[in-house]
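Visitor: I am new to this structure and would like to walk through it with you. May I ask questions as we go?
Guide: Please do.

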Amino acid sequence: MARSPAPHGRTGRPPLTSRAQILVAARELIDEDGWEKLTIRRLAAELGIGATTLYHHIRDKEDLLILLLNGYIGEIERPELPADPRERIVAGALAAHDALAAWPWAAEVVTADGFIGLLDESALWMIEAILAGADDYGCTPEQTVHIMRSLWYYTAGEVLVRARSPHRRPDGRLPARSFTFDASQVPRLAALGDRWAELAARDTYAEGLRAFVDGLLARVTPTAKGHQ
């Protein structure tokens, strides 16, 4: 049931609003209704302040989402990263995937090249793990960036496709649905028949990630300092 907006914000909220309070309120709205419905006007109404006052703390919606993302990633416990360069790359990508899968709207914020410059250093440890693994393996700077971008596209794409797929189950997987294909037009799809939906719904990210990393590293000739 939709809530009736309080004309003076939530009960007990002080008239002077801090950035921390803004972020808490924005996160609650996103958790309840999704990030697409979050607007500066709605957030200001939720806080019981004018939009002009809100702009004293944040520049725009993108700035707000970046602040939320930095805070969210900063709360994630960092795992102990493997010493092996390849495994460190995998661990960094898995950590990024798990973080985005829990908050899939964040993938929308960082789907453009250059997003690294928007994040705080404390929120970049997953990226740093991938870069460090590639560097220790012996990749050139060009190869390192290529590996990072390739893995990021794979990871963000996986998260966004699953988040946008209709009728998802609570565990994030898609229910199996039947598809009928014309064998004269698409014989391979028709041969798969009802199994297409079942197979496409499987979570194969980790398996695909390891194969992807192996393929990328197979194209690298390690330098003397790298993996032998």
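Visitor: Which helices do the buried residues of α8 pack against?
Guide: The buried residues of α8 pack against α5, α6, α7, α10 and α11. Helices here are DSSP runs (H or I, at least four residues), numbered from the N terminus. A contact means heavy atoms within 4.5 Å. Buried means under 20% relative accessible area, exposed means over 50%, and partly exposed lies in between, with a 1.4 Å probe and protein chains only.

Visitor: And which residues of α8 are buried?
Guide: Among them are I147, M148, L151 and W152, and also E158 and R162.

Visitor: Before we go on, what kind of model is this?
Guide: This is a predicted model, in which local features need pLDDT of at least 70 and side-chain atom pairs count only at pLDDT 80 or more, while totals for chains, interfaces and linings use all residues. Residues are numbered from 1 along each chain as its sequence is written, and side-chain values use heavy atoms, with hydrogens and water left out.

Visitor: Back to α8: how many residues does it have, and what is its reach?
Guide: Helix α8 has 24 residues, and its first and last C-alpha atoms are 34 Å apart, close to the 34 Å expected at 1.5 Å a residue. The expected span is 1.5 Å times one less than the number of residues.

Visitor: What about α7, what should it span?
Guide: The 13 residues of α7 (residues 125-137) should span 18 Å, and the end C-alpha atoms are 18 Å apart, which agrees. The buried residues of α7 pack against α4, α5, α8 and α11; W125, I130 and Y137 are among these buried residues.

Visitor: What follows α7?
Guide: Next comes G138, whose phi is positive, near 115°.

Visitor: New topic: how many aromatic pairs are there?
Guide: The structure holds three aromatic pairs. Rings of Phe, Tyr and Trp (its six-membered ring) pair if their centres lie within 6.5 Å; planes under 30 degrees apart count as stacked, over 60 as edge-to-face and the rest as tilted. The Y72 and W103 rings have centres 4.3 Å apart and planes at 40°, so this pair is tilted. Y72 is in helix α4 (residues 61-75) and W103 is in the loop between α5 (85-102) and α6 (105-109), so the pair links distant parts of the chain, 31 residues apart.

Visitor: Are those two buried or exposed?
Guide: Y72 counts as buried at 10% relative accessibility, and W103 is buried at 7%.

Visitor: Why is the pair of Y154 and F212 called edge-to-face?
Guide: Because the ring centres of Y154 and F212 are 5.6 Å apart and the planes stand at 90°. Y154 belongs to helix α8 (residues 141-164) and F212 to helix α11 (residues 205-218), so the pair ties together parts 58 residues apart in sequence. Y154 counts as partly exposed at 23% relative accessibility, and F212 is partly exposed at 29%. Ring pairs also link Y154, Y205 and F212 into a cluster.

Visitor: Finally, what does the whole chain contain?
Guide: The chain has eleven helices and zero strands. Of its 228 residues, 37% count as buried. Residues 24 or more positions apart account for 70% of the contacts with a separation of 6 or more.

How values were computed: Helix = DSSP H or I, 4+ residues; strand = E, 2+ residues; numbered from the N terminus.
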